[in-house]
Amino acid sequence: MNTLLNLLAVLALAAPLLSPALYGALRERRIDRQLAAAARGGPAPSGRNPAPAADRAPQRGGARSAARHRGHAVHRAPTSARAGERAA
């Protein structure tokens, strides 16, 4: 019985300590998926309340601006013109 109570006490202490970290990790994964979808030009993955494109207000800057504001690095594949400039 003491073992069960000790286990429950440890879980009761661990849950509030770990929940902010788990929430943050899940939020970062969601943002990364949205940025990857925006970079591909495809539709954003469905979230809790995805608004249709017609209902959304136009945004300035797009995915690159959003990535800069969140502190993420933005990676772009080189275009053929840029690849030619580097080779020459």
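Modeller: Nonpolar side chains (Val, Leu, Ile, Met, Phe, Trp, Tyr) are joined within 5 Å, like charges within 9 Å. Accessible areas come from the Shrake-Rupley method with a 1.4 Å probe, and for residues only the protein chains shown count as cover. This is a predicted model, where local features need pLDDT of at least 70, side-chain atom pairs need 80 or more, and totals for chains, interfaces and linings use all residues. Residues are numbered from 1 along each chain as its sequence is written, and side-chain values use heavy atoms, without hydrogens and water.

Biologist: Which residues make the nonpolar surface patch?

Modeller: Met1, Leu4, Leu5, Leu7, Leu8 and Leu11 make it, over about 640 Å². Leu8 sits in helix H1, residues 2-40.

Biologist: Is Leu8 exposed or partly exposed?

Modeller: Buried means under 20% relative accessible area, exposed over 50%, and partly exposed in between (1.4 Å probe, protein chains only). Leu8 has 45%, so Leu8 is partly exposed. Of the chain's 88 residues, 6% are buried.

Biologist: Which residues form the positive patch?

Modeller: Lys and Arg count as positive, Asp and Glu as negative; His and chain ends are left out. Here Arg27, Arg29, Arg30 and Arg33 form the patch. Arg33 also belongs to helix H1, and is partly exposed at 43%.

Biologist: How many helices and strands are there?

Modeller: Helices (H or I, at least four residues) and strands (E, at least two) are DSSP runs, numbered from the N terminus. This chain has three helices and zero strands.

Terms used. Patches are made of residues with over 30% relative accessible area and no salt bridge: like charges are joined within 9 Å, nonpolar side chains (Val, Leu, Ile, Met, Phe, Trp, Tyr) within 5 Å. A salt bridge is a side-chain nitrogen of Lys or Arg within 4 Å of a carboxyl oxygen of Asp or Glu. The place of a charge is taken as NZ of Lys, CZ of Arg, CG of Asp or CD of Glu.
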